[in-house]
Each structure stands twice: as C-alpha cells, then as structure tokens.
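This report describes how selected parts of one protein chain are arranged. The sequence and structure are shown first, and the description follows.

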Amino acid sequence: MSKEKPEKQIDYVELHAADIGSTKTFYNAVFGWKFEDYGPDYTSFFDGRLAGGFTTGGSPARDLLLVIYSSSLESLQETIKKAGGKIVKEIFSFPGGRRFHFTDPNGNELAVWSDV
C-alpha cells in the first residue's frame, strides 16, 4: 500500500544558496538536516518531516518566512551564531510563545519559535 501525498499542504520548499557546500555545512551543524546533491548547483534536504532544496539560481528569500520549532531558543541561537548565521531579531514574545529571526550565510531569513 502506498502512502498518499498530503493534499493541499506544503510538500517542498526551495531556497537560494550562494554556495552549496557552506549551506550544507551550516544547516547540518545547526539543525542536523541530511542532504542529497543533484549536480553542483542543487542540493535537496530532509529535516525528518519536510523536504526542500537549495539552488544557486534566484535570490535570497525575503518575503517568505520559514519558521522552525525548537524547545531551546537560547541554545539554538548560539549554535546559529557559531555556524555563521546572523541573528536579525532577538528573542521576543508573541501570543502563544517566543521566537527569534536569523539569516543564514546566503542571506535567507528564517525564524525559530518555541512554546516553552
């Protein structure tokens, strides 16, 4: 029996990468993502639940915000800094939790949130 695809749900995301190698190093060090290369200009990732890719085509994501969950914002914030990311919005509270924003080495802005 084959597993049905999730109808009308996000199935894959793609982001810009200036350098595929450093992008893989950053996301593996920070989040433990696994990668599979498809030539020198594209790599796909799997975070354990969602798949996506990084391509050297295009430009950094600026208007789309990908939000990742973590139970330890402070610890992950330090890991991001050590891996070469930049915190662009320090931890702040919102109804339902707390979060911060960072840019990866390619300039893509993402957020991390927690409900603890």
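## An exposed loop

S59 counts as exposed because its relative accessibility is 54%, where the exposed class begins over 50%. The model under discussion is predicted. S59 belongs to the loop that runs between β4 and β5. From S59 to N108 the distance is 8.6 Å, taken C-alpha to C-alpha, although 49 residues separate the two in sequence.

The loop between β4 (51–55) and β5 also holds D63. With a relative accessibility of 82%, D63 is therefore classed as exposed.

Helix α1 covers residues 20–31 and helix α2 covers residues 73–82; their axes approach within 9 Å and cross at roughly 155°. Angles over 145 degrees count as roughly antiparallel, and α1 and α2 are therefore roughly antiparallel to each other. The handedness of the crossing between α1 and α2 is right-handed.

On the α1 side, the contact is formed by F26, A29, V30 and F31, while α2 contributes L76, T79 and I80. Sorted by class, the residues in the contact of α1 with α2 comprise six nonpolar, one polar and no charged.

In soluble globular proteins, nonpolar side chains tend to be buried together. In this model, the largest nonpolar core comprises 22 residues, and F31, F54, I80, F102 and V112 are those with the most contacts inside it. Two or more residues each are given to this core by β1 (12–16), α1, β5 (66–69), α2, β7 (97–103) and β8 (109–114). Helix α1 supplies the largest share, namely five residues.

F31 links the description of the helices to that of the core. It takes part in the contact between α1 and α2, and it is listed among the core residues with the most contacts. When neighbours within four places in sequence are set aside, the residues in contact with F31 are I68, L76, F102 and V112.

K81 and F94 are 13 residues apart along the chain, and 23 Å separates their C-alpha atoms.

Key. Residues numbered from 1 in each chain as written. Predicted model: local features only at pLDDT ≥ 70, side-chain atom pairs only at ≥ 80, totals over all residues. Heavy atoms only, no water. Axes fitted to C-alpha atoms, helices over the stretch in contact; angles between N-to-C directions. Helix = DSSP H or I, 4+ residues; strand = E, 2+ residues; numbered from the N terminus. Parallel < 35°, antiparallel > 145°, perpendicular 65-115°, else oblique. Left-handed = near helix turned anticlockwise from the far one by under 90°. Contact = heavy atoms within 4.5 Å. Nonpolar A, V, L, I, M, F, W, Y, C, P; charged D, E, K, R; others polar. Core = buried A, V, L, I, M, F, W, Y, C linked by side-chain atoms within 4.5 Å. Buried < 20%, exposed > 50% of the residue type's maximum accessible area, 1.4 Å probe, protein only.
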